[in-house]
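The sequence and structure come first.

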Amino acid sequence: MKIALNGASGFVGGHIKNRFQDHVIIEKTDSEAMILEKLKDVDVAINLAGAPIIKKWDEDYKQLLIESRIESTRKLVNALNQSACSQFISASAIGIYPNDVACDETTHSYAEDFLAQLVQRWEEEAQTCHKPTAILRFGVVLGNDGGALKQMLPAFKMGLGGIIGYGKMMTSWIDIDDLINIYTFIIENKLSGIFNATAPHPISNYELTKTLGKVLFRPTLLPLPESFLTLMFGEAASVMIDSKEVYPKNLQAQGFEFSYPNIETSLRHLLKKQ
């Protein structure tokens, strides 16, 4: 199995490279012709390209978020449609879903904020691919070497962790190892369609905070006001404040089994690696 990876430099990309040793890397500076050349003898193309979301958004950065996802996906898809590659898997995000509503892949009522509109445009671009296409809507990806957990750990280890606001917002998350297993599952079963890459048990921010404190044997007494996050990140704070309750109905219907379906088993597994 040989893969082409678009967006290899990030946290998830690093884990995919470790899982699929036979791979080629598509660079953001590659022309469409260069991408087509790299796709020779490639079985599956994986798209992860996109500038980081957790950064203060001004109008220039919003444009970068758009261009880094839409234009890079368009260029890749144009090359894919001329290639012999047999499958395309493109990343997406659960930010497409509305707040405070239990959602699965049958939910077609989407949020209307900037992030949701960006995700919809990103998915539409991916779906112009003529190859069998799977779109993975990522939840909050937890790993000890990147993503949200790595950013949270220093404060929590010092006993400075706490809930955000009242802690009621729902967090739909996924263990990095389960996420990479999802890629393998989709490739081996030649699946296409929309899949929520989230654990089957979303949790409140309160539960996430208290469980992480329990696993680390640290207190979690200092709440973080939502207003502080808004001051630090502006509109981008919505990624941390919004309440997304999302279920992986399609993956479970296909028979995928999560190794870490519960937050405590995931955190114990990830922190044991440190």
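The sections below take up these topics in turn.

## Basis

This is a predicted model, in which local features need pLDDT of at least 70 and side-chain atom pairs count only at pLDDT 80 or more, while totals for chains, interfaces and linings use all residues. Residues are numbered from 1 along each chain as its sequence is written, and side-chain values use heavy atoms, with hydrogens and water left out.

## Salt bridges

Eight salt bridges are found in the whole structure (a side-chain nitrogen of Lys or Arg within 4 Å of a carboxyl oxygen of Asp or Glu). One of them joins Lys38 to Asp30, N to O 2.7 Å. Asp30 is buried at 3% relative accessible area, and Lys38 is partly exposed at 25% (buried is under 20%, exposed over 50%, partly exposed in between, with a 1.4 Å probe and protein chains only).

Glu59, Lys62 and Glu235 are linked in a network. Lys62 is buried, at 13%. Its closest N–O distance is 4.0 Å to Glu59 and 2.6 Å to Glu235. Glu235 lies in the loop between helix 8 and helix 9 (238-241) and Lys62 in helix 3, so this pair ties together parts 173 residues apart in sequence (helices are DSSP runs of H or I, at least four residues, numbered from the N terminus).

## Helix crossing

The axes of helix 5 (residues 147-157) and helix 7 come within 11 Å and cross at roughly 60° (lines fitted to C-alpha atoms over the stretch in contact, with angles from 0 to 180 degrees between N-to-C directions). Residues in contact (heavy atoms within 4.5 Å) include Leu149 and Phe156 of helix 5 and Leu208 and Leu212 of helix 7.

## Surface

Leu222, in the loop between helix 7 (205-216) and helix 8 (226-233), is partly exposed at 45%.

How values were computed: Helices (H or I, at least four residues) and strands (E, at least two) are DSSP runs, numbered from the N terminus.
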